[in-house]
Amino acid sequence: MVPHTEVAIMNVALAEARLAATWGDVPVGAVVARGEEILGRAGNQREHRNDPTAHAEILVLRQASEVLGSWRLDGCWLYVTLEPCAMCAGAMVLARIERLVFGSADPKAGFAGSLGDLVREPRLNHRLEVTTGVLEGESAEILRAFFRDRR
């Protein structure tokens, strides 16, 4: 059973994903939290900002670092609706995120278990705990609807 807090925070990430879709970005949403305190929340903004690095995860890592006044996000969890890519997984390791919680796996680009497992790579100096499948159905449906409407 998934704890209530994880579901509540993942629902915030889902809201950010829906918002990202309104400006034409792939609907992925992310939140960084320490306990129940949300330190950052964002949806993808690559199209919105014309920035290839403006993934939801990168944006929330920046926000949380600003709030805490440190790049080290010890004790923080990152919630995201879709399994992170290699860039985002690497950024989470570098930021010292404690746990990654994601909704839907990404067999084409995911680096938290699908294509690779950068967040748990034993040769790196930091590894994340990972929880998968939180609100997986909702996360996947937002993406399916987005791409169905594009075709």
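Biologist: What makes C88 count as buried?

Modeller: This is a predicted model, and in it C88 has a relative accessible area of 0%. The cut-off for buried is under 20%, so C88 is buried.

Biologist: And C85, buried or exposed?

Modeller: C85 comes out at 18% relative accessibility. That value is still under 20%, so C85 counts as buried too.

Biologist: How do you know how many disulfides there are?

Modeller: Take the sulfur of C85: the closest cysteine sulfur sits in C88, 3.7 Å away. A disulfide needs the two sulfur atoms within 2.5 Å, so this pair is too far apart for a bond. Start from C88 instead and the closest cysteine sulfur is that of C85, again at 3.7 Å. The count is 0 disulfides.

Biologist: C88 belongs to α4. Why is α4 called largely enclosed?

Modeller: Because 7 of its 10 residues are buried. They are C88, A89, G90, A91, M92, V93 and A95. The cover over them includes α3, β3 and β4.

Biologist: Which residues have the most contacts inside the largest nonpolar core?

Modeller: V32, L61, L78, M92, I97 and L100, in a core of 34 residues. At least two core residues come from each of β1 (29–34), β2 (37–43), α3 (56–68), β3 (77–82), α4 (86–95), β4 (99–104) and α5 (136–150). There is another core apart from this one, with 13 residues, among them L14, A33, V101 and I142.

Biologist: What is L61 in contact with, leaving aside neighbours within four places in sequence?

Modeller: L61 touches V32, L73, L78, A91, M92, A95 and I97.

Biologist: You listed V101 in the other core. What makes V101 buried?

Modeller: V101 lies in strand β4, and its relative accessibility is 0%. With the limit at under 20%, V101 counts as buried. Its contacts, leaving aside neighbours within four places in sequence, are E6, M10, W77, L78, Y79, V80, T131 and V134. For Y79, the C-alpha to C-alpha distance from V101 is 4.7 Å, although the two are 22 residues apart in sequence.

Biologist: How do you know that β3 and β4 pair?

Modeller: Two strands pair if there are at least two bridges between them. β3 and β4 have 5 bridges, in the parallel sense, so they pair. Within that stretch, W77 stands opposite R99 in β4.

Biologist: What is the strand order in the sheet?

Modeller: The order is β2-β1-β3-β4-β5, in an open sheet of 5 strands with mixed pairing.

Biologist: Why are β2 and β5 said to stand at the edges?

Modeller: β2 and β5 (129–132) have a single partner strand each, so one side of each is left without a neighbour in the sheet. On average, neighbouring strands are turned by 15 degrees against each other, direction ignored.

Biologist: Which strands does helix α1 touch?

Modeller: Helix α1 (residues 4–22) packs on the sheet and touches β1, β2, β3, β4 and β5. The direction of α1 makes about 50 degrees with that of β3.

Biologist: And which does α3 touch?

Modeller: α3 also packs on the sheet, against β1, β2 and β3. The angle between the directions of α3 and β2 is about 145 degrees.

How values were computed:
Residues numbered from 1 in each chain as written. Predicted model: local features only at pLDDT ≥ 70, side-chain atom pairs only at ≥ 80, totals over all residues. Heavy atoms only, no water. Buried < 20%, exposed > 50% of the residue type's maximum accessible area, 1.4 Å probe, protein only. Core = buried A, V, L, I, M, F, W, Y, C linked by side-chain atoms within 4.5 Å. Helix = DSSP H or I, 4+ residues; strand = E, 2+ residues; numbered from the N terminus. Contact = heavy atoms within 4.5 Å. Axes fitted to C-alpha atoms, helices over the stretch in contact; angles between N-to-C directions.
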